[in-house]
Amino acid sequence: MKAQVVVTLKSGILDPQGKAIEGALKSLGIDGIGSVRQGKIFEIELAANDRTAAERLLRDACEKLLVNQIVENFQVEIL
Amino acid sequence: MKAAVILFPGSNREQDAIRALEKITGKIPSIVWHGEHALPAGIDLAVLPGGFSYGDYLRCGAIAARAPIMDAVRAHAQRGGLVLGICNGFQILVEAGLLPGVLMRNANLRFICRMQHLTVERVETPFTSQYAKGQIIKVAIAHGEGNYIADLETIARVEGEGRVAFRYCDARGGRGGDANPNGSVNDIAGIYSQRFNVLGLMPHPENLIDPLLGGTDGAGLFESVARFTKAA
């Protein structure tokens with residue numbers, strides 16, 4: 001089973017990297033971009049075949065290591 | 001005073017911490033590998049040195065914060081033992097939940113390596129008794145992720161409880177603008193735990209203990225710790 005965990009910065013948290021990327025896109029003349037925020041994707045392979053168990057395991061992984069919930073949100077997706 | 005310096009893969013300031021402790025306390029600290037499950041018996045102070053543990057992978061300090069030794073560090077802190085996290089050590093302490101908040105990328109996205117003035121916010125703590133109240137000290141900073149933030153409620157609590165240890169300032173104590181190198185909220189350079197026995201700070205006092213290396217303003221911190229543990 002494969003899964004994807006998407007980690008994004010919470011709204012209101014300053015994202016200087018996203019800002020720099022936004023500036024670079026604008027300087028390339030790519031018009032129409034309002035704003036950019038940068039996050040992370042983890043592609044994870046799981047031994048489990050049970051979706052519920054897999055989701056629980058991934059939430060556990062997020063809470064214990066993958067995500068700093070002070071500043072980040074996450075979404076778990078089983079593929 | 002008995003101290004232990006914790007070594008993580010990618011720590012690189014441990015010798016600086018060891019040198020400062022040895023010079024000022026007269027005792028060579030033990031070095032403890034991160035994979036250990038216990039600190040040496042009877043230690044007064046655990047130091048998490050600067051560096052780039054695990055290459056700052058995932059988030060700075062995140063992987064080191066989950067190392068086996070961290071349970072022992074947490075237990076030491078709960079017993080009232082002293083814990084000092086410098087630079088990457090501070091990042092590890094916030095990731096481990098021993099201190100509140102988080103250290104984000106510097107607001108200007110640059111790695112900053114320079115001398116920096118700080119105000120000593122209070123002097124009745126185990127780490128600052130040998131400074132004068134409001135003293136301005138000049139120490140080194142060297143970090144890419146020192147931009148301290150926390151939610152408003154946490155900041156209000158930390159400020160209300162007087163837990164800010166050091167603030168960035170200029171040579172005359174002026175704050176804000178260029179005096180704040182990394183965008184930290186309220187110019188926070190270091191904070192204490194609720195019981196003031198855990199201190200995390202981004203600057204490097206351990207590098208300012210010898211006039212030959214540009215000053216001795218960092219020595220007071222180690223002198224304070226030595227005096228505190230002698231009295232305890």
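Two strands pair if DSSP finds at least two bridges between them, and I kept that rule beside me while I looked through this model, which is predicted.

**Entry 1: the sheet of chain A**

I began with strand β1 of chain A, residues 2-9, and found that 6 bridges join it to β2(A), the two strands running antiparallel. To see one position in this pairing I looked up V7(A), which stands opposite K40(A) in β2(A). I then asked myself which strands make up the whole sheet and in what order they lie. It is an open sheet of 3 strands in the order β2-β1-β3 of chain A, and the pairing is antiparallel. The edges are formed by β2 (40-45) and β3 (72-78) of chain A, each of which pairs on one side only. From one strand to the next, the twist averages 20°. I also noted that helix α2 of chain A, residues 51-66, packs on this sheet and touches β1, β2 and β3 of chain A, while its direction makes about 155° with that of β3(A).

**Entry 2: the sheet of chain B**

Next I turned to chain B, where I found an open sheet of 9 strands with mixed pairing, in the order β2-β1-β3-β4-β11-β10-β9-β6-β7. At its edges stand β2 (30-33) and β7 (136-143) of chain B, and because each has a single partner strand, one side of each is left without a neighbour in the sheet. The twist here averages 25° from one strand to the next.

For a parallel pair I looked up strand β1 of chain B, residues 3-7, which is joined to β3(B) by 3 bridges. Within this pair, V5(B) stands opposite V47(B) in β3(B).

**Entry 3: strand β9 of chain B**

I wanted to know how many residues of strand β9 of chain B are buried. In this strand, residues 164-169, the count is 6 of the 6 residues, so β9(B) is largely enclosed by the rest of the structure. I followed its pairings in turn: strand β6 of chain B, residues 112-120, pairs with β9(B) in the antiparallel sense over 4 bridges, and L118(B) has Y168(B) in β9(B) as its bridge partner. Strand β10 of chain B, residues 188-192, also pairs with β9(B) in the antiparallel sense, over 3 bridges, and there V164(B) stands opposite I191(B) in β10(B).

Is Y54(B) buried or exposed? Y54(B) has 20 C-beta neighbours inside 10 Å and so counts as buried, since the cut-off for a buried residue is 20 or more. L58(B) has 18 such neighbours inside 10 Å, and therefore counts as partly exposed.

**Entry 4: where the chains touch**

Last, I looked up the contacts between the chains, and found that 7 residues of chain A are in contact with 11 residues of chain B. Helix α1 of chain A, residues 16-27, gives the most to the side of chain A that touches chain B, with 3 residues. The residues on that side of chain A divide into 5 nonpolar, 2 polar and no charged.

How values were computed
Residues are numbered from 1 along each chain as its sequence is written. Chains are lettered from A and ligands numbered from 1 in the order in which they are written. This is a predicted model: local features need pLDDT of at least 70, side-chain atom pairs count only at pLDDT 80 or more; totals for chains, interfaces and linings use all residues. Two residues are in contact if their C-beta atoms, placed from the backbone, lie within 7 Å. Ala, Val, Leu, Ile, Met, Phe, Trp, Tyr, Cys and Pro count as nonpolar, Asp, Glu, Lys and Arg as charged, and the others, Gly among them, as polar. A residue is buried if 20 or more other C-beta atoms lie within 10 Å of its own, exposed if 12 or fewer, and partly exposed in between; C-beta atoms are placed from the backbone. Axes are lines fitted to C-alpha atoms, for helices over the stretch in contact, and angles run from 0 to 180 degrees between N-to-C directions.
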